[in-house]
Amino acid sequence: MKWQFSNDAPIYAQLIEQIKVGIVSGAFPPGERLPSVRDLATEAGVNPNTMQRALAELERDGLVYSQRTTGRFVTEDKTMIETAKRSLAERHVKTFLAAMLRLGFQREEIMTLLRQETGEEGEFHGGSGV
Amino acid sequence: MAVLECKDLCKNYGRAAALDHVSFAVEPGHIVGLLGPNGSGKTTLIKLANGLLTPTSGEILVCDTAPGKATHAWVSYLPERTSIPTWMTTTQLLDFYQDFYADFRRDAAEEMLQHLNIQPRQRVKQMSKGTREKVQLIMVMSRAAKLYLLDEPIGGVDPATRDYILSTIIGNYNPEAAVVISTHLISDVEKVLDEVIFINQGRMVLQASVDQIREEKGMSVDELFREVFKC
């Protein structure tokens with residue numbers, strides 16, 4: 001997994017986000033054991049206590065569970081993973097919309113641009129903006 | 001119990017104050033960045049913790065003990081400049097550390113050296129600057145110490161070596177020991193740190209956790225540093 005960090009948010013929050021992406025994308029498949037805190041911290045190049053904090057929070061959310069002797073595992077609950085996927089997606093959409101509004105685009109223009117980019121321009125062109 | 005504690009610590013060089021009423025504590029399990037511009041007193045503080053200098057007034061304690069013979073067994077120190085004897089081979093260096101320090105984990109050191117492909121018969125003087133820094137760090141981190149004092153461990157090495165050094169520090173993390181890293185290369189180390197101590201002209205400016213700074217100020221420690229120490 002490729003770990004990247006921005007300057008404007010706490011590191012533990014960015015770790016949570018990236019581990020979530022890892023789970024949703026299947027880099028950490030359902031039911032699979034996660035690497036140890038030390039290994040994950042070394043891989044991400046972060047403080048082990050910060051990694052521990054991120055994992056504890058994911059555990060509270062239920063995306064990860066721990067077994068006393070064998071370590072931490074990704075949840076097998078597919079609905080929960082789907083919900084996490086959905087909420088990550090909603091956040092991306094919101095960020096995108098906010099950026100487009102800042103650029104001065106109206107809702108309709110944004111939709112048209114999206115259709116163009118996704119190659120659906122022809123199908124919907126001339127429609128009533130639905 | 002704090003691993004390192006300063007109480008109203010002052011150090012003067014003649015009439016110049018290098019450290020001016022500094023007080024803080026470092027808890028076990030924490031990796032702490034000692035950050036400040038050049039000449040702010042970082043090295044002086046580390047030398048005091050090591051017993052290489054004595055305080056003018058106030059106190060500095062390692063595990064509740066004034067620096068001395070007892071604390072030398074608990075403190076693993078990486079000086080600012082490479083200090084390993086250059087005529088030694090890697091094997092001789094391992095013997096040397098084993099003789100000096102009861103807590104030296106030779107197998108851990110050997111494993112890390114092997115990982116870097118450093119030959120047992122290679123002499124320190126035949127190594128590049130970056131390799132020497134790595135070898136010395138391996139020696140320092142291979143001790144099962146209570147306090148690691150790393151004075152500018154990533155100064156003057158290339159970014160790949162920097163990454164290696166930082167991941168070696170993380171990989172040797174011990175929840176019972178504390179690590180103090182002095183540096184001014186903040187953006188490189190801040191992800192590795194629990195908390196930071198800013199010092200300027202011998203005075204403590206701030207002690208806070210990295211994520212606390214990011215959460216409250218909405219900026220990285222590096223950005224905050226640039227703001228606080230703006231020239």
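Reader: At roughly what angle do the axes of helix H3 and helix H4 of chain B cross?

Author: The axes of H3 (residues 90-100) and H4 (residues 106-115) of chain B cross at roughly 155 degrees and come within 11 Å. Axes are lines fitted to C-alpha atoms, for helices over the stretch in contact, and angles run from 0 to 180 degrees between N-to-C directions. Helices are DSSP runs (H or I, at least four residues), numbered from the N terminus. The model is predicted: local features need pLDDT of at least 70, side-chain atom pairs count only at pLDDT 80 or more, and totals for chains, interfaces and linings use all residues. Residues are numbered from 1 along each chain as its sequence is written, and chains are lettered from A in the order in which they are written.

Reader: Why are H3(B) and H4(B) called roughly antiparallel?

Author: Angles over 145 degrees count as roughly antiparallel, under 35 as roughly parallel, 65 to 115 as roughly perpendicular and the rest as oblique. The angle here is roughly 155 degrees, and H3(B) and H4(B) are therefore roughly antiparallel.

Reader: Which residues of H3(B) and H4(B) meet?

Author: B:Thr90, B:Leu94 and B:Gln98 of H3(B) meet B:Arg106, B:Ala109, B:Glu110 and B:Leu113 of H4(B). Two residues are in contact if their C-beta atoms, placed from the backbone, lie within 7 Å.

Reader: What makes H1(A) oblique to H3(A)?

Author: The axes of H1 (residues 11-25) and H3 (residues 48-61) of chain A cross at roughly 55 degrees and come within 9 Å. That angle makes H1(A) oblique to H3(A). The crossing of H1(A) and H3(A) is right-handed, a word used when the near helix is turned clockwise from the far one by less than a right angle, with anticlockwise being left-handed.

Reader: How do the residues of the contact of H1(A) with H3(A) divide?

Author: They divide into eight nonpolar, one polar and two charged. Ala, Val, Leu, Ile, Met, Phe, Trp, Tyr, Cys and Pro count as nonpolar, Asp, Glu, Lys and Arg as charged, and the others, Gly among them, as polar. Among the residues making the contact are A:Tyr12 of H1(A) and A:Thr50, A:Arg53 and A:Glu57 of H3(A). Tyr counts as nonpolar, and Arg and Glu count as charged.

Reader: How many residues of chain B are in contact with chain A?

Author: 19 residues of chain B are in contact with 16 residues of chain A. Helix H6 (159-171) and helix H8 (210-217) of chain B each supply at least two residues of the chain B side. By class, that side has eight nonpolar, five polar and six charged residues.
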